[in-house]
Amino acid sequence: MNSIILSAATRIVTPLMVAFSIFILLRGHNEPGGGFIGGLVAATAFALYAKAMGVPATLRALSLSPPTIAVVGLAMSTLAGLWGLVQSGVLLKGLWPLLTTADDGSKAGLPIGSVLVFDVGVYLVVVGSVLSILFALEADVAEENEGED
Amino acid sequence: MSALSSAVGPGSLVLRYLPAALSALVAAGFATLVPTIADYNVMRVSWPWIPGLGVELSFLIDGLSLTFALLITGIGAIVFAYSASYFKGHPKLVRLLVLLVLFEISMLGLVLADNLILMFVFWELTTITSFLLVGFDHEQESARNKALQALLVTGAGGLALLAGILLLGIVGGTYEASTLPLVADTIKEHSLYLPILTLFLLGAFTKSAQFPFHFWLPNAMAAPTPVSAYLHSATMVKAGVYLLARMTPTLGGTEPWLWSLTIVGGVTAVIGSIWALRQTDLKLALAHTTVMALGTITMFLGGAAPIALTAAATFLVVHAFYKAALFLTVGMLDKKAGSREIDALGGLALPMWRTWIIASLAALSMAGFPPFLGFVGKELKYEGALAVASEPLLVVTFAVLANAMMVAIAAAVAIKPFYGRRRSLAEQPADPPFAMWIGPAFLAIGGLIFGLAPDLVGSALINPTATVMSGDLVAKQFKLWHGVNVPLMLSILTFIIGIVLYFNLARIRAALTRLDQRGIWTAEHGYDRALTGLKAIATGQTRVIQPGRLTHYLFWTTATLAALLWSALIAGGFAVLPQAGRMPTLIEWTMLALAGFGAIATAATTSSLLAILALGLLGGTVAAIFVLYGAIDVAMTQLLVETLFVVIVAVALLKLPRLAPTTGARIRWRHLGLAGALGTGTTLTLFAVLSVDLDRRVSDFFEVTSVPEAFGRNIVNVILVDFRALDTLGEIAVVVIAALGVLALLRSRMLTAAEDRR
């Protein structure tokens, strides 16, 4: 689609959306959000980019192909689960190595651990899967149009 | 290197005879247990497996299971050695041996398992391995069909058996076969006794080829001869008989048990031996006599009297000895004289003298001549027949008829190929190699030794077996010579009829062939009809429900959901009707109007793009409603999904056909009706759900534990990634698989399109 307005706006909007999606991913544990919603926002961002700049440019920008992203995400989530299994004997047990609990029950440190790794995995799965389907459809349609020309 | 691979590689000597050696070793191991079992002891080992369901890995060694275990491993060793020689150089030898060993293990598990669920697992394993063995020559269509037939018949029986086992477990309170007899009276008086019995009998009768399921066994002779010798004479078909024997103390002794076993067994025995007379193929003749033997054993298991049970146990052993030997002999003739057709063979006594001696010894035992084990078995049968609880005259008649025909067939197998003018399809008929004849010789001579000293096998195995079945101590003295009594008279009568039959064999065969050609109805026709009908039903319903149009699939899926909702509402008697609450606020009215507009616009427009946009509007409104009621996470997800949905479908739309041609007026009315039914059904269900007091225990748990245990205040997300993370892991795996599936579908379409253009 050759729209100067769209491509100019996309240049600004897409990075904002991706940044926002990561923000949503990270705040998910305490506020509305999380890996699934964040992933959907990111997928929308790249879908917009693909509309404005075309699929090949988007693929170049992503560096990794969407199916790879999805599979990497699934692997991350699985590994996060195995981490709990190895360290505490329970699959998918949440672990916070950077968090210490004082005697009075108050917590100190960064709440980063296996749960966040798991959620990042979910995020990547959603981005990768949605974009896989979308780009495959786009490519299919483009191929057909070429064939008709 | 090559010397090493020829010594241990596939097809090498060591590897070929390894299964036979191992099997013989296991058989020897079981043999060391004989003295313990002969004193009526019982051994049981058990490990917990699924304790919540009462399923244990429990194994039982008593007279019954040890007898079977010895037959399985002993004859297994003989058949494995025989096969290794029979199939020397065959490209699929390794495959055959692996399958045979797998089968042997399954069969051993079946007879040794004490827990009925465990036994069922092995039962199904024998069904599957025997399917693969019958279809061993899978390049031939007929072998495939016959393997499938055996699988379907025994598989259907297996399902019935599973249902029976579960019912029995409910009624009896345990799945352990060794404990069930303690509650036998409760079971027999229970209202579920008849269904349980019927289901068990279905399982046993299909497996052991009882009338009217007997047809699959002769057809299963598509298997190679050694396989038939092992599966279809000595082991697998006896699994059904084993089940009946194992269940005798639990289910046996009632009127329905007596009559169904006696009549089905008797009819099977007579039909089996009549059709055996018709065969000219020696292997098929033997297959039909196996049907006869299984019928006889079933009939005597129905006899209830201890002596009848003893006769059944004895005949079980007798039959395994002579039938395996004869099957293997037919294989030797087939291999070395080139045929197993009775008319193509003759005068082979000299060139194949070992085969001849083995065949003669085994056939004499089969015919029941003294001093062979077969004679002991036959005398016991007549003694048992006179003592059965059902109808002695009937059982004696069945037994004499069947045995007389056995005499004729034994004579045909042992005399026709070996005497008279020399006839053979092989240039130089000769005895097969050592590995092939030693096993059958062992069995044939065993039949003679145990005939001369029947108490060897009798008090060691038969008495403990009969004791297990009858529940009372059986201590029968086994003797070769009983003096002149009624059984002896019956034996003499049997020989006379048998010899008359033998000399009229050609005439009988001609008459039976005419009968066969006139197309009399057989049970196998029923099987064919049932199979054709099943396929027709499958084709018909596929044509209606899955015709290849997406709209039809959606119609049926949605219709099923609507039907389920409505049936739940109707079953509940509309207990909870809509109650008047507060009036909706202005903003709620607005949302409702927007949603309604979106829905009507979606349905009314003929433009696909407009329909998609209207649907997006509807979805967005729903998301807004979620926001109104505080479900922010759900609203965000819904809104984003709607957005992406519109984007994706807009791309897909370019490829979809226009809506107009596919939706005629009648179809649209039908869709309207369905949509209305689903919509009202959902609404009423929601009212019903809302009128019930919400059980807040789960929500309270999450509210209380979310922060202290999972360090998160957003309960929805904490549930997703921590408390119920396994669910999420499963879901994202599904998402990835779906994406890859779509990708594969579109890629393959693109590839074919590209090829077409080229």
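Predicted model: local features only at pLDDT ≥ 70, side-chain atom pairs only at ≥ 80, totals over all residues.
Residues are numbered from 1 along each chain as its sequence is written, and chains are lettered from A and ligands numbered from 1 in the order in which they are written. Local features need pLDDT of at least 70, side-chain atom pairs count only at pLDDT 80 or more, and totals for chains, interfaces and linings use all residues, while side-chain values use heavy atoms, with hydrogens and water left out.

Let's start with the interface. Here 42 residues of chain B are in contact with 48 residues of chain A, where contact means heavy atoms within 4.5 Å. The size of an interface is often given as the accessible area lost when the parts come together. For chain B and chain A the buried area is about 4,100 Å², with 76% of it on carbon and sulfur atoms; that is accessible area (1.4 Å probe) lost on putting the two parts together, summed over both.

What about charges across it? The rule finds zero salt bridges between chain B and chain A, a salt bridge being a side-chain nitrogen of Lys or Arg within 4 Å of a carboxyl oxygen of Asp or Glu. Three residue pairs are in polar contact across the interface, both at pLDDT 80 or more. For that term we need a pair of N or O atoms within 3.5 Å; within protein, one must be able to donate a hydrogen and the other to accept it, and residues adjacent in sequence count only if both atoms are side-chain atoms.

On the chain B side, the elements giving two or more residues are α27 (632-653), α29 (697-710), α30 (715-723) and α31 (725-757). The largest share, 16 residues, comes from α31(B). Helices (H or I, at least four residues) and strands (E, at least two) are DSSP runs, numbered from the N terminus. By class, that side of chain B has 29 nonpolar, six polar and seven charged residues. Ala, Val, Leu, Ile, Met, Phe, Trp, Tyr, Cys and Pro count as nonpolar, Asp, Glu, Lys and Arg as charged, and the others, Gly among them, as polar.

On a 1 Å grid over the protein atoms alone, a cavity is a set of points where a 1.4 Å probe fits but cannot get out, and a pocket is an open set with protein on both sides within 12 Å along at least five of seven lines; lining residues have an atom within 4 Å of a point.

Of its 30 lining residues, B:Ala27, B:Leu70, B:Gly74, B:Phe321 and B:Phe442 lie nearest the centre. Here α19(B) gives the largest share, nine residues, and the lining divides into 26 nonpolar, four polar and no charged.

In one of them, B:Asp62 meets B:Arg246 at 2.8 Å, N to O. B:Asp62 lies in the loop between β2 (55-61) and α4 (63-86) of chain B and B:Arg246 in helix α12 (residues 238-251), so the pair ties together parts that are 184 residues apart in sequence.

Finally, the backbone. Cis peptide bonds join B:Phe211 to B:Pro212, with omega about 0°, and B:Pro370 to B:Pro371, with omega about 5°. A:Ser63 is not a glycine, yet has a positive phi of about 70°.
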